Amino acid sequence: MIEVLVVEDDRLAAEAHRRYVERVPGFAVVDVVHSGAEALRVLDRRPVDLVLLDFYLPDRHGLEICRRLRAAGHLADVIAVTSARDLATVRSAVSVGVVQYLLKPFTFATFRAKLERYARFHSTLGRPGEATDQDEVDRAIATLRSPDGSALPKGVSAPTLESVREILLRAEEGVTAEATAKAAGVSRVTARRYLEYLVDHGHAERAPRYGQVGRPELRYRLRDAARHRGGD
């Protein structure tokens, strides 16, 4: 069981995050706190595996919390759960060891995908012993970077891929590349590239559907297994 500390100053959001965590198998919330000082006190009393950390706390910034954790020798991994979008903050988060970055607002499907990805990472690097080779290390680190745990090809970004996957998740009857493009805010060509990537990797399927004028259009939908893993 992966033990989680939720750090969020908004009490309604904190409770929502707690409920979200408890809906993901293999995770358990050990405490919910609303300030950086409380978080540090909890971690001084007991170790946890993972901290879900809001960056805009009333007493100090989340980046400072991360630095203090490392300085004190705490080994907990950190997933930033924040509305901070500036790239300087993202770069700083990476430099202090944040393993995932989750932008508010988000859906439960996105939240669960982050935790499931982290669980795969934790199951590999959280066990004792040594990696057998470079490939094992690369695979473990790659689980944090892409939905299927493999390195993404050039021109395919993880945030856009996850956005397209969520669109498919909501489309019970399937969706066209054009509709996906509008929903994701990308071009039709880009949408089709991401849809075809999901098809090629076994996460989605495509099929022609005939409209009123008799001309077929390609519609995409998640495969049943992928829908089960990522659905709400």
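Me: Helices (H or I, at least four residues) and strands (E, at least two) are DSSP runs, numbered from the N terminus. What places Arg68 and Glu64 about one turn of the helix apart?

Reply: Arg68 and Glu64 both lie in helix α3 (residues 62–71), four residues apart. This is a predicted model, in which local features need pLDDT of at least 70, side-chain atom pairs count only at pLDDT 80 or more, and totals for chains, interfaces and linings use all residues. Residues are numbered from 1 along each chain as its sequence is written, and side-chain values use heavy atoms, with hydrogens and water left out.

Me: Why is the pair Arg68 and Glu64 called a salt bridge?

Reply: The term requires a side-chain nitrogen of Lys or Arg within 4 Å of a carboxyl oxygen of Asp or Glu. The closest N and O atoms of Arg68 and Glu64 are 3.0 Å apart, so the pair meets the definition.

Me: Why is Arg68 called partly exposed?

Reply: Buried means under 20% relative accessible area, exposed over 50%, and partly exposed in between (1.4 Å probe, protein chains only). Arg68 has 41% relative accessibility, so it counts as partly exposed. Glu64, at 29%, also counts as partly exposed.

Me: What makes Arg60 buried or exposed?

Reply: Arg60 has a relative accessible area of 19%, so it is buried. Asp59 is partly exposed, at 36% relative accessibility. The side chains of Arg60 and Asp59 meet in a salt bridge, at 3.5 Å from N to O.

Me: How do you know that Arg206 and Glu196 form a salt bridge, and what does the pair tie together?

Reply: The N to O distance between the side chains of Arg206 and Glu196 is 2.5 Å. Arg206 lies in strand β6 (residues 204–210) and Glu196 in helix α9 (residues 188–200), so the pair ties together parts that are 10 residues apart in sequence. Arg206 is partly exposed at 39% relative accessibility, whereas Glu196 counts as buried at 18%.

Me: What joins Glu15, Arg18, Arg19 and Glu22 into one network?

Reply: Salt bridges that share partners join these four residues. A search of the whole structure finds 13 salt bridges.

Me: Where is confidence lowest in the protein chain, and where is it highest?

Reply: The predictor's confidence in each residue is pLDDT, from 0 to 100. In the protein chain, the lowest mean is 48, in helix α10 (residues 224–230), and the highest is 97, in strand β2 (residues 27–33). The chain mean is 83, with 81% of residues at 70 or more. Over residues 228–232, pLDDT stays under 50. Where pLDDT is low, the predicted coordinates should not be read in detail.

Definitions and conventions
Contact = heavy atoms within 4.5 Å.
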